[in-house]
Amino acid sequence: MSDALDAALARATDTRDVVVGRGVLTEAGRRIADVLGQGPYVVVADENTWAVAGEALTASLRAAGCALAEPLVFPGRPALYASYDNCLTVGERLGDATAIALGAGTLNDLSKLASHEHGRPYAVVGTAASMDGYTGFGAPMEADGVKITRPCPAPAVAVLDLDVVAAAPGFLTASGYGDLAAKIPGGADWILADVTEVEPIDTAVWGMVQGGVAMALARPSDLAAGDPDAFAGLVEGLALSGLAMQAYAGTRPASGAEHYFSHLWELDHLGADLDPPLSHGFKVGIGSLAMCAFHEVLVERDFAAIDLEAAAAARTPWDRIEADIRDTFTGALADNAVKETRAKYVTGDDLVARLRPLVDDWPSVRERLRTQLVTSAELAGMLAAAGAPSRPEDIGLTAADVRATFPRAMYYRSRYTALDVAWELGLFQELVDDTFTRLWV
Ligand SMILES: [Zn+2]
């Protein structure tokens with residue numbers, strides 16, 4: 001195991017072992033038994049993941065002396081959905097057994113929540129490098145037409161065999177690539193929250209998640225070609241993301257405003273009727289592109305020349321902001337956005353104090369941002385080489401749709417990002433306009 005994974009595991013709260021490497025599926029039984037005992041276990045799979053690794057996982061568990069209950073194998077088509085009904089199906093099958101999810105996002109989430117509801121830990125054997133949720137806590141789950149992330153612990157053991165994940169369909173790898181690309185603009189958002197002291201960076205956690213991102217994203221064409229050795233960085237990066245969230249007890253290390261674009265498009269059911277449905281990572285990839293473009297025009301500005309007292313005096317009063325939020329969203333989403341935006345809204349001296357370090361130290365802040373970021377053109381090239389969407393049209397949107405998502409992403413969550421910095425400085429609209437007139441014509 002790499003030093004980075006070792007260090008991250010030492011701080012993780014739920015996960016006790018992560019196994020990444022070529023051929024490690026044969027070790028799965030022993031590694032799971034070392035942490036969770038001899039079972040009995042229920043392997044939770046679908047027809048696709050069972051065909052890929054069901055027999056090998058079963059053999060490995062038997063060789064480790066584990067008792068096995070009948071596996072639960074969902075149909076392979078249509079794509080399994082993370083609905084609470086399916087979670088109950090997993091729970092019913094569990095009985096006294098411990099779940100081992102054999103699959104990716106959905107099977108992991110269903111097993112995670114079902115296990116939590118039965119008060120026991122679980123393990124996951126990943127079959128695709130498709131998202132960074134393997135080692136994350138919480139499970140996004142749909143019930144009665146509403147999707148919310150249900151709190152539940154991350155797996156005790158995660159096994160990710162590079163030969164297995166490299167053989168997965170290419171769109172799954174491309175999705176994981178899009179999800180990991182979020183760490184570029186998401187990290188830049190955290191730098192801005194750090195400088196303004198809204199949410200200081202935890203250096204150890206930062207190192208876990210950002211340390212290997214550049215390397216993990218460095219070989220997009222080899223990933224698209226299914227070269228198992230190229231997957232080491234991507235898979236480890238995805239696993240580290242989840243471990244960093246455990247260590248931080250929050251999602252900040254893995255996501256910034258780019259994820260809000262994805263969440264909002266998900267709420268609009270974008271691509272939900274496709275088979276398979278448009279993935280999290282594909283939406284996040286375009287969100288990351290949007291935010292890299294926004295950061296790109298932001299760092300070109302000279303914040304040192306900004307008159308903060310004038311910016312604070314020009315700040316929109318709360319009642320007008322609330323009215324705008326209620327024009328932008330409807331129903332429960334509007335109430336939620338009002339609450340979230342209120343939590344980060346400050347005025348007067350408080351606003352000047354928050355932005356002061358950004359303006360006073362602008363040359364060094366700008367340097368930190370430039371080191372963190374890639375240009376939107378570079379990122380588009382990387383995404384395309386990985387086989388991921390690299391233009392709004394690739395996920396069924398227009399540039400105008402992406403543009404219209406900017407204010408919604410700003411209001412959507414209390415998390416402080418580049419969108420808030422621009423807004424507080426009175427530059428939000430200008431920078432959005434710049435983003436689209438110059439970069440996404
Ligand atoms: Zn994500």
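Analyst: A charge sits over a ring if NZ of Lys or CZ of Arg is within 6 Å of the ring centre and within 35 degrees of the ring normal. The model discussed here is predicted.

User: What makes the charged end of Arg413 sit over the ring of Tyr412?

Analyst: The charged end of Arg413 is 4.1 Å from the centre of the Tyr412 ring. The cut-off is 6 Å, so Arg413 counts as sitting over that ring.

User: Why is the pair of Phe303 and Trp362 called stacked?

Analyst: The ring centres are 4.1 Å apart and the planes stand at 25 degrees. Rings pair within 6.5 Å, and planes under 30 degrees apart count as stacked; therefore the pair is stacked. Phe303 lies in the loop between helix H14 and helix H15, and Trp362 in helix H19, so the pair ties together parts that are 59 residues apart in sequence.

User: Why is the pair of Trp318 and Tyr345 called tilted?

Analyst: Their planes are at 50 degrees, with the centres 5.3 Å apart. Stacked requires under 30 degrees and edge-to-face over 60, so this pair is tilted. Arg342 also lies over the face of Trp318, at 4.9 Å from the ring centre.

User: How do you know whether Trp318 and Tyr345 are buried or exposed?

Analyst: Buried means under 20% relative accessible area. Trp318 has 15% and Tyr345 has 11%, so both count as buried.

User: What makes S1 and S3 edge strands of the sheet?

Analyst: The six strands follow the order S1-S8-S5-S4-S2-S3 in an open sheet. Strand S1 (17-21) and strand S3 (72-74) each pair on one side only. For S3, that partner is S2, joined to S3 by three bridges; two strands pair if there are at least two bridges between them, so S2 and S3 count as paired.

Notes:
Residues numbered from 1 in each chain as written. Predicted model: local features only at pLDDT ≥ 70, side-chain atom pairs only at ≥ 80, totals over all residues. Heavy atoms only, no water. Helix = DSSP H or I, 4+ residues; strand = E, 2+ residues; numbered from the N terminus. Phe/Tyr/Trp six-rings, centres within 6.5 Å; stacked < 30°, edge-to-face > 60°. Buried < 20%, exposed > 50% of the residue type's maximum accessible area, 1.4 Å probe, protein only.
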